[in-house]
Amino acid sequence: MNLKSNIKIYENALQASIEVAQHITSIIQKNESVGKPTVLGLATGNTPLLVYQELVRLYHEKQVSFQKVITFNLDEYYPMAPHHPQSYVAFMKKHLFDHIDIDWKNVHIPNGELITDDIPLFCKAYEDKIVAAGGLDFQLLGIGRTGHIGFNEPESSLESLTRLVDLNPITREDAIADFNGLNNVPKQAISMGVQTIYKAKEIMLLAFSEKKSDIIQKAIQEEVNPQVPASYLQKHPNITYILDNESASKLKKQLS
């Protein structure tokens, strides 16, 4: 299959995730060699789990240090207390932060405990902190079945910034198992915007399993469409799509 050079297809999610983790490590090492911090945009959900597992392994093997790494997570459910087991604070601690040498003051995750009136100011400050850090060197992404990146659901604007968003019913359905019932799934989230993500110097979008194959085909090969927010990334100058055989199964052959 002759596809774009920025599409990489692997036998399985583990093989793909190992390479992504090694790439992130190389960015950190390169910046460290010239005395620069590395600013990472991080994702949650099942898709990046093996990447985090590999980063932890590389840290324990002393191949990478996170002492000069600054992180910004894409999103957090709202309302959501950080100690809640389904919060993204708990997720990141469990799968990455509790196992590496990152300085907690360099970790940024949207605050799901804010009163509604305080959210706009928080979101503006979140954007300002990304800019003050020098912008995102690297953004790790998954993709939802709605085509969302972060929690930018269908009809999100390319110009959107960090904000409070309503979750699509499909997105909420996909979280039922985590929350033990639809009634327990939050209806909103605080999410980085499409524009916030798009400004990253480099993006890797990961998708694994056959259930992502339809949306991957739409996001990569169909016209840019606000109904599929991930399709905006087709125009990004430095994006790589990291797929396994199953998620890539419906991509059409291309002549160029």
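The report below covers the sheets, the packed helices and some individual residues.

This is a predicted model, in which local features need pLDDT of at least 70 and side-chain atom pairs count only at pLDDT 80 or more, while totals for chains, interfaces and linings use all residues. Residues are numbered from 1 along each chain as its sequence is written, and side-chain values use heavy atoms, with hydrogens and water left out.

## Sheets

Strands (E, at least two residues) and helices (H or I, at least four) are DSSP runs, numbered from the N terminus. Two strands pair if DSSP finds at least two bridges between them.

Inside the order, strand β2 (residues 38-42) and strand β3 (residues 69-73) run parallel and are joined by 5 bridges. G41 stands opposite F72 in β3.

Another open sheet is formed by 3 strands in the order β4-β8-β7, and here the pairing is antiparallel. The edge strands are β4 (75-78) and β7 (163-166); each has a single partner strand, so one side of each is left without a neighbour in the sheet. On average, neighbouring strands of this sheet are turned by 30° against each other, direction ignored. β7 is joined by 4 bridges to strand β8 (residues 188-191), and the two run antiparallel. The bridge partner of R163 in β8 is S191.

## Packed helices

Two packed helices are described by the angle between their axes and the distance between the axes. Axes are lines fitted to C-alpha atoms, for helices over the stretch in contact, and angles run from 0 to 180 degrees between N-to-C directions. The table gives these values for two pairs.

| Helix pair | Angle between axes | Distance between axes |
|---|---|---|
| α1 (residues 13-33) and α2 (residues 49-60) | about 50° | 8 Å |
| α2 and α3 | roughly 45° | within 9 Å |

Angles under 35 degrees count as roughly parallel, over 145 as roughly antiparallel, 65 to 115 as roughly perpendicular and the rest as oblique. α1 and α2 are therefore oblique to each other, and α2 and α3 are likewise oblique to each other.

α1 passes α2 in a right-handed crossing, a term used when the near helix is turned clockwise from the far one by less than a right angle (left-handed if anticlockwise). Contact means heavy atoms within 4.5 Å. On the α1 side, A13, L14, S17, I18, V20, A21, Q22, I24 and T25 meet L50, V51, E54, L55 and L58 in α2. The residues of this contact divide into 10 nonpolar, 3 polar and 1 charged. In these classes, Ala, Val, Leu, Ile, Met, Phe, Trp, Tyr, Cys and Pro count as nonpolar, Asp, Glu, Lys and Arg as charged, and the others, Gly among them, as polar.

α2 also meets α3: L49, Y52 and V56 in α2 touch F91, M92 and H95 in α3. By class, the contact of α2 with α3 has 5 nonpolar, 1 polar and no charged residues.

## A covered helix and a buried strand residue

Buried means under 20% relative accessible area, exposed over 50%, and partly exposed in between (1.4 Å probe, protein chains only). Helix α8 (residues 213-221) is mostly covered, with 7 of its 9 residues buried. The buried residues are S213, I215, I216, Q217, A219, I220 and Q221. Their cover includes β1 (7-10), β9 (203-207) and β10 (239-244).

A207 has its place in strand β9. A207 is buried, with a relative accessible area of 0%. Apart from neighbours within four places in sequence, the contacts of A207 are T47, I143, K212, I216, I242, L243, D244 and S247. A207 and S247 are 40 residues apart in sequence, and their C-alpha atoms are 6.2 Å apart in space.

## Loop residues

The peptide bond from Y78 to P79 is cis, with omega near -10°. P79 is in the loop between β4 and α3 (88-95).

E155 is not a glycine, yet has a positive phi of about 85°. E155 is found in the loop between β6 (138-141) and β7, and is exposed, with a relative accessible area of 62%. S209, which is not a glycine either, has a positive phi of about 95°; S209 lies in the loop between β9 and α8.
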